[in-house]
Structures are given as C-alpha cells and as structure tokens.
Amino acid sequence: MPRPSRPFLSLFDLPHDPDRPPRPLLPGFPLPGLCVLAGMLVAAMASGGLAGVSAHLVPVVGVTAGHGALLMIVFATAGAGWRTTLLVVGLLALAAAVSRAVWLGALAYLLVPAAVWHLARRSPGLGAIGITTPVPLRAALIGFGSGFCLGGHLLISASRTLGYEFSGHSLETYFVAVAYDVGANVISAECFFRGTLFDRLHRRFPFWLAAAVTTVAEVVRYIVDPLLPKFPVAIAGAAFYMAVLGMASCALFRASGSLVPGALGRLAFFGAYRSLRGR
Amino acid sequence: VSRPAAEWTAAVAAVVITTAAVATFEMGALRHLLVIPTAWCAARYGVRGGLAIAALAMFLEVPCLLPPMAMRGVDPGIVDGVATFSLLLVVGGLAGALSDRARRRLTRYTAAVALQQALSSGTPLAQALGQVSESLREVLSADAVEVIVRRQGSDYIGASGPLSLRPATIGAEVAERARTLFVADLPEGRLAGRPRRLLIVPLRMRGAVIGMIGAERRGDFPRDDRAALEALAVVLALALENARLGEQLEAKVSAATERLRELDRAKTEFVAAASHELRTPLTSLCGFSELLLARQLPEHQRRRFITVIHTEATRLGRIIDDLLDLSRIESGRGPELSPVSLAVVPTLEAAAELFRGSGGGHRFRIVTEADLPPVLGDPDAVGRILVNLVSNAVKYSPPGTDVRLLAARAGEYVDISVEDDGIGIPEHALGQIFDRYYRVSRRPGGPPGLGLGLSLVKSLVESQGGSIRVDSSGGRGSRFTVSLPAVHGDHTGDDA
C-alpha cells in the first residue's frame, strides 16, 4: 500500500506570505470613542461650578472615562464590536453611580467582570486575550501569594514610612473600595495592560522588553491617577509596588496564558492597600 | 533535601540575616555582603538566580530604606543604599548572563557531538532524524523541533515520514531562498501571552539546501539561541553529508567488490572454457596426425583427415586470435586496423559461404538495398565481425532455419544485420550481452564458447567508428545490427 504523502502536519507546512504587511500594534484603535469619553470627562469637570453636581458627577464620569477607555481599547482591538463595548462601559458608569448613592450598590461593580467574562465566551477575539483560558491552580496560587506577600510588604513599609496606618476604615468604605478594584480597577488593568498591550508587544519583542514597556505604562497610569496621594514617598512607593506587581503579572500571564492569576495577585495587593489610611 | 533547595535556602537566609544586621546595627556597609549570595546564585542558576536574590535583598531593604528618606529626604546613606542595590542587580544580571552563556555553550557542544553520533550510528535516517530533533529540542528548550532532509525536488523525509512541500508554505519559502526564516508571531495556534515563534534554518551544503531544521517556541526565542541553532545547522549539514558520502562509499565499495567477485568467477569459468576450447581442436589435431603417421591410408581418407586437421588448426588459430585481441583490448591498445572502402555484398557472401555446408542445414539469405554504398572498415575486422555474428546465429538456432544477412543505408551509415529464428536472448541478459566473459547460458552441454565473441565484435565495431545493437526476445530469434560509416563518392576505388 503506498504511504500517504502527508502523514503529519509539519512546521514546514504552515502557510507563509512574505509580502503580508505587518499588522498595527493596536488594530482598530477606538479614537472616536476615546474622544467621546474625554469629552464627557471635560464636560463633567467644567460643570464643577454647579452646586451639588461635581461632588457626584465628576467621580462617576472619571471612573467611567478612565477604566472605560482602557476597556474600550481592549474590546476594539479584540474586534468585540461597539454594542458590547457600550454595554460594559454603561455597566461601569451604572456601578460607579449606584455605589456612590448606596454602599451596597457597589455590588453593581461585580456586573462588569461578569459581563466581560460572558462576552468573552461569545467573542473568540475577546476570549483569546486570556479571559476564558483555563486557570492552572498553581499559577492562581502563585498569583494570589505574590500579591499577598507584596500587600504585606506594603503594610509594613507604609505603616513605617509612607505616612499611613493600618485599618481605621469603616466596613462600608472598605467594601466599596474593594468592589471598585474588582469591577473596575483590576479588570481594566489586567485586560488592557496584560491581555492587550503586553500580549501584542510580546508578539514582536522579547518578554523583558514587552514587560518593561507595559510596566512603565502601568506605573505612569497609577502615578497620574487622581486618587493617589501626591507626595514623593507615596509616588516612589506606588512606582515600586506597581513595577513589581506589573512584572510579576506579566510573568504569570506568560506562564499561564490566563489573566486570572495576575488579577488575583492584584486583588490581594489592593486588598491590603485599601486597608491603609493616611495619618 | 536536594542540593538546589539547600543552596537556595542558604542564599535566602544569608540575605535575611544581612538585612536584619543592617537594620539592627544600622551599618549600611554590611549591605555589600549581599553580593556574595547574589554572585553565588548567579553562578549556579544564571540570570534568574542572580536577579532573584538581588530583588529579594532590595525587597527586604525597602522598608528600612524608606523611613530615613521620608524623614530626611535623599541623603548620602540613601544614595549608598540605592547604589548598593543597583550594583547587586548588575552583578546578579551580568554574572548570571555569563554563567548562562557558558552553560549554553557546553550544552551545545554536547548537542553537536550527539548529532554526529546519531547520524553516524548506522540507524535508519528517519529514526536518526527523530533522535536529532529530540536532542535539539532539549538543547533549545523548544516546544517542538523538526528536521527534514531533502530526497528529491520538493520531497523531504523527516522523523515522521515523507513530506512534500507545497508552494506558499514556510518550508517552500526557506527552500527557495536558502535563508534562515524567523517568524516572531505565528497566528495559527497562538496562545494568550505566549506568541508562537518559529525559526527555520536551512541545512546548506555547497550552496544547495539539503534539509531544514524547524524549531518552535511559545514565548521568547532569543537571538543567542537563534545563532546557536544556525551553528548547529552547519554541524548537522556536515554530519548529514558525511553520512550520505559514507553510504555512497559503502554502496560503491560493495558494488565494486561484487563486480570483482563476478569477474573472478567469470575468469575462472573462462579458464575452464578456454582449456576445453583449446583441447578440442588439439585432440583432433593429435588424433588425426597420429593416424596419418601410424597407418597407410587410402588417398581419399588421408585427404579427409588432412582437411579435418586444417579446419581444427584454423579454429585453434581463431581462438588464439581472439585471445590476443582480448589481451590487446584489456591493455588499452585496441585492435590494429587498416580501414579501406569495403563493398558490403561480397563481404556478406564470403561470411555466409564459410558456414554453408557446415552440417547444420541452415539457409543463408542475403538481402541488400540496391545501390548500397561501401563501408569504411578493415576487411579482416569486418570479416571477423560477420563470422562471429553468423557463427552465433548458426549456433543458437535450430538446423534448417533461415539466417538472414541484411544491409541497408541509414543516413551516414550502412546497417548490416544478422537475423536468426533461434532461441533469442532473455531480456535481462540484453544489457550484459556485450560484456567480456558473459554468456547467457553456462549450463553444461550447452553451445561451446568463451563469452568473448560479442565483446570483441563490439570493440572491433567501435574501433571503426561504428556501433552495434541487439533486438531480441526470448524464443523469437535475435537480430544484431552493426552500423558502419558509409563511404561516399567513388564506390569502387579501394573496394576489397
């Protein structure tokens, strides 16, 4: 019997087109959508003079614009479509608004990761960034453990040096902050910095370069965050912890292919961070 | 406890104790001791080891370093601390990189030796390629490595079997350009956070692509590793070429040995046959001459005996002529010839005449074209050619059958054919029929002969600028056709 001429799929048999132009780093960059969010933020800040408006509107729009912009880029580059993007941004705005009205309303933040997970299961492009990838238990434990250690380190360092003290928050305040981390802060950071920026940089560059660029971008994002206290030691501390956390998250993402281990580490760290209060 | 675990524990303990001592005794100079565990781990575990210990030291020291910074701002103590940790990172990174490089070189050297051993061990090629692929995969810490070797055109063979490269594929691209191809991100089978990188290195020998190595990694494929694979490709190409040359040499030696054995056997048989062929006329010569000497015989009987003696002496002379010609041909001198313009028809008739009345009862028919030009040939050599061919026709065809001598013009040549209706020549023997000592049938009691006739005929024909071919199929007769150069112009000038 003659042997089949193609008994196995070989590396050499993969299609190749030398004339194919290189793809842009962030294809489908949603510039109009980002402009709309920026416009909303500017409008909200401009309305600061209106009595009783800015105290509620600016933080809500700020959370929606800041984290919504990151998620918008994620959805656009993954080709998830405008309707799903608007849905998630809308949920974010809803959660931010409700949580400011009633502290239990912060539970609405949980809708955002639930929606993202659900949409990722339906959209192959979104799922491919590591949201629906099966999570190896070991990676999840390492992620959580590293965040936990870093959080403990933060508690010691901050209580000694950064002008903070441990605890003192009310349970409601702590709950809202943690819910915000779960539904906005962590998910937008992981989806954008790891799932999109790092992943796409790593397709072109070595790990260390991609991770360094991603981490620098992430450190800058946290330093310019209006919620971060603006004094040198706090900024230095934020840069140090975010750099370590960013590199660790990139390494975990590369090792596991899932965003969950990094998200767990980040949640553990922010859980510690939220327990600090300025003296 | 394993040795690595013990080493890591000792290094971490050294860092913790040193940091505690710095904090307790407020002696910043003690921080310099941290270089010892950092360098140790860098030497033992490479960049990751060195950087991990440096980072641990920095991590533990931050809570100690920041309070004075918060209180007093940046002072010389802070600068010293920052400089120390920068130094630790540099030492850990550099020493680790050097250690990694040395380790990689050792591994590659070992791999190069392993490649050569795999290909020179005599294992079948597909299996050897499998061993080579596995060895390279380990050396490069790759997810997959494939090695394929060109068989012919776009057909290759690898560890998993034959592979034919299609156009517009990675393999076809590398084969065409004979250059290394690095694909930083393969869309097919991509995983989140781990791009699929592919490196295909051609195996080149004297400018031609004789194979390829393909290595796939999910994650980084550093330049250093790529250069290593290219270097190993050179080693692999040489090893493959050596293996190929070795196989060729072995095949040639084997063929030559077999040929020598065949020649030796043929010569042994030839000596036996020659002895027999010489003895037969000698016996007749001796027997009939003794009879002539010993008895007074009637004239007619005496004449008949003398005729037999003459015939056998002629036969003996022909055998000796053949042997002398053979000797001359084997020494590279060729037969001595004096070509002249030779009329074909009389030559054919002379050859046929020799065999008429030979006792076989064969009918000789000569068929030639009208106005046939003469050929350029040595009369004696052409005569011997025809006598040999007609003799074979008579020997291998049943008595009473036809032997046809044909002549026709064929361009610048004249084709002279000798046809019979005999047993013919088996197809497998047609390629060897003109070899020296070769005989189709060596069975005892078969037709006599030394296996020299056709070999000599071929030499004689080619010495005169002609050619010979044979057409036959077993049991349906045979036809030998000799093409000799035709002579143009005056047909009668030197006709013999």
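## Chain A

In this predicted model, chain A is built from 10 helices and 2 strands. Read from the N terminus, its elements follow the order α-α-α-α-α-α-β-α-α-α-α-β.

Chain A has 279 residues, of which 48% count as buried. Among its contacts between residues at least 6 apart in sequence, 76% join residues at least 24 apart.

## Chain B

Chain B contains 10 helices and 13 strands. It has 496 residues, and 43% of them count as buried. When contacts in chain B with a separation of 6 or more are considered, residues 24 or more positions apart account for 65% of them.

The accessible surface of chain B is about 25,800 Å², and 57% of this belongs to carbon and sulfur atoms.

## The interface between the chains

The two chains touch through 49 residues of chain B and 43 residues of chain A. Between them an area of about 3,800 Å² is buried, to which carbon and sulfur atoms give 63%. On the side of chain B, the residues that lose the most area to chain A are B:F59, B:E146 and B:A192, which together make up 16% of what that side buries.

As for polar interactions, 12 residue pairs are in polar contact between chain B and chain A, counting pairs with both residues at pLDDT 80 or more. The rule finds 1 salt bridge across this interface, and A:D13 forms a salt bridge with B:R166, in which the closest N and O atoms are 3.6 Å apart. The elements of chain B that give two or more residues to the side touching chain A are the helices α2 (35-72) and α5 (170-177), together with the strands β1 (144-152), β3 (161-164), β5 (196-205) and β6 (208-218). Of the elements on that side, α2(B) gives the most, with 10 residues.

## A nonpolar patch on chain A

Chain A also carries a nonpolar surface patch of about 450 Å², made by A:V102, A:W103, A:L104, A:L107 and A:L110. Within this group, A:W103 lies in the loop between α3 (82-101) and α4 (111-122) of chain A.

Is A:W103 to be classed as buried or partly exposed? Its relative accessibility is 38%, and A:W103 therefore counts as partly exposed, since that class lies between the limits of under 20% for buried and over 50% for exposed.

Definitions and conventions: Residues numbered from 1 in each chain as written. Chains lettered and ligands numbered in written order. Predicted model: local features only at pLDDT ≥ 70, side-chain atom pairs only at ≥ 80, totals over all residues. Heavy atoms only, no water. Patch = residues over 30% accessible without salt bridge, like charges linked within 9 Å, V, L, I, M, F, W, Y side chains within 5 Å. Areas by Shrake-Rupley, 256 points an atom, 1.4 Å probe, with all protein chains shown as cover. Salt bridge = Lys/Arg side-chain N within 4 Å of Asp/Glu carboxyl O. Helix = DSSP H or I, 4+ residues; strand = E, 2+ residues; numbered from the N terminus. Buried < 20%, exposed > 50% of the residue type's maximum accessible area, 1.4 Å probe, protein only. Contact = heavy atoms within 4.5 Å. Buried area = accessible area lost by both parts, 1.4 Å probe. Polar contact = N/O pair within 3.5 Å; in protein donor to acceptor, adjacent residues only side chain to side chain.
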